[in-house]
Each structure stands twice: as C-alpha cells, then as structure tokens.
Amino acid sequence: QMPQAQSGGGVSKLSGMAMSIFLALGIVAFAPLLGQIPVVSLAGVMLLVCQSTFSWGSLRLVGKIPNLDAFVIALVTYVTIKDDLAKAVLIGTITSALGFAWKQSTKISTTLSQTKLNPPSGPTLPNVKTYNINGPLFFGSTQSFSQLFRVKEDPDDVVIDFTQSRVYDHSALEAINSICDRYGSIGKRVYLRRLSSECAKLLAKIHKGGLPPYEVIEVSPSDPVYDVADDE
C-alpha cells in the first residue's frame, strides 16, 4: 500500500503502517456500512488500486529476464485472476522450485585429467584417469551424472574427484554406488576423492555383497556433515 500512502503525502514507513491500521479499523468498525456498497463499485476501486500499484516500468524487463522467471510471473498473474492469490502463490512457489532443480541438474559436468594415486592398499599408480566432477549432485542430476562416464573404455583404475562438487541426498549416494558397481562388474576399480566422512559411511551401508569396487581416499575436512533418511 506504500504507493497509495506516498500519493497522499506519506514520506516515511509510519505512513504505510498508519494507512494499514486505519484501513483495518474502518473495515471492522464500518462493516455494516461497507456491506451496503455495491460490489461493482468495490471492483472499480480495486481496479484503480491495481493500476496505481502495478509497476508498469517492469514490463521493460520482459525479454531481459530468464524465460522461467517470465513464465512464473505470467502463470501467477493468470491464476490470481482466474482463482485467487493464495493458489497463485502456492503454484508459483512450486513452479520456481521445480525450475531451480531443473537448472541445477544441467550444471553437473566433468573434466578429465591424469593424476598420481597413492591408494590405501597397493602400489603407487603414476597416471590414473581422473573424472573431476563439477556441480551439485542430487536427485535431479543423478541421470546426467551417470552419463559422464565411459565405463567400458576406461582403464582398470579410475579416480572420481568431488573437489568441485557436493553430494546432497540419498539419491546422489545411490548414483555413486551404481556407477562404481558398473566398473566393478567388469573387474575395474574406482577411487573416490574428496568425499565427506559421512558420505563414506553411508556408501558403506548402501553397498551390499562384500567388498565394494571402490575406495574413499583423501577425505576433505571442508565437506559438510549431513544425515540422509535411511530405513535403518
């Protein structure tokens, strides 16, 4: 209501508060009188309020803002007009959350390099193919994550480095375990680097059937500690 307060001469935050208080008192104290006002008149007042409240300059941003944001604005406007503001806010929030998850899922990628590896067991390996993962790993990016690897073409020892990535949920742990199992099924071994200690513990719980086809090395102390919902 600040635009209306300013148009009436209000210049401080108190003007907006005073306007809200007097409006509420007027609705409560004069409810019977307001009930005599035709609905058409109230509709006209609301149209004038919308006309003076809406920031018409924001229309210039159409085409400059992301397509998802423009879609959410249009969707919320349509639902508000068709139904009510409460439904519009709920639908807009859900749409924005899904859009954010989709955008984040497309950001995961990898770069390849060769690195020297000192495994906990066995000799030092001078040049090991390394997948450097970039971007968040969560339920929305697990499919893209699985498509980053060339299991059949890779050598017998492979490093997956999570220095530039973070594992956020149980689906991400399942994706890591699944890709390691794919390597293990053809006799290859995977070394996981820069995973948190909590991730290592949860991966050990997830894997079944004996020794997993991977080892966790060089745990990063800066990795977050978090819990994942588990049946156990």
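Colleague: What am I looking at, and how are residues numbered?
Modeller: This is a predicted model, where local features need pLDDT of at least 70, side-chain atom pairs count only at pLDDT 80 or more, and totals for chains, interfaces and linings use all residues. Residues are numbered from 1 along each chain as its sequence is written, and side-chain values use heavy atoms, with hydrogens and water left out.

Colleague: OK, how many salt bridges are there?
Modeller: The count comes to three, taking a salt bridge as a side-chain nitrogen of Lys or Arg within 4 Å of a carboxyl oxygen of Asp or Glu.

Colleague: What does Lys129 pair with?
Modeller: Lys129 meets Asp154 in a salt bridge, at 2.4 Å from N to O. The pair links distant parts of the chain, 25 residues apart: Lys129 is in strand E2 (residues 125-134), and Asp154 is in the loop between helix H7 (142-146) and strand E3 (157-164). Helices (H or I, at least four residues) and strands (E, at least two) are DSSP runs, numbered from the N terminus.

Colleague: Are those two buried or exposed?
Modeller: Both Asp154 and Lys129 are buried. Buried means under 20% relative accessible area, exposed over 50%, and partly exposed in between, with a 1.4 Å probe and protein chains only.

Colleague: And which residue does Arg193 bridge to?
Modeller: Asp161, with the closest N and O atoms 4.0 Å apart. Asp161 sits in strand E3 and Arg193 in strand E4 (residues 189-193), 32 residues apart. Asp161 counts as buried because its relative accessibility is 9%, and Arg193 counts as buried at 7%.

Colleague: What about Asp83, where's its partner?
Modeller: Asp83 pairs with Lys82, at 4.0 Å from N to O. Asp83 is partly exposed at 39% relative accessibility, while Lys82 is exposed at 53%.

Colleague: Switching topic: how do H8 and H9 cross?
Modeller: The axes of H8 (residues 170-184) and H9 (residues 197-206) come within 10 Å and cross at roughly 65°. Axes are lines fitted to C-alpha atoms, for helices over the stretch in contact, with angles from 0 to 180 degrees between N-to-C directions. That makes H8 roughly perpendicular to H9, a label for 65 to 115 degrees.

Colleague: Which residues make the contact?
Modeller: From H8, they are His170, Leu173, Glu174, Ile176 and Asn177, and from H9, Cys199, Leu202, Leu203 and Ile206. Contact here means heavy atoms within 4.5 Å.

Conventions. Angles under 35 degrees count as roughly parallel, over 145 as roughly antiparallel, 65 to 115 as roughly perpendicular and the rest as oblique.
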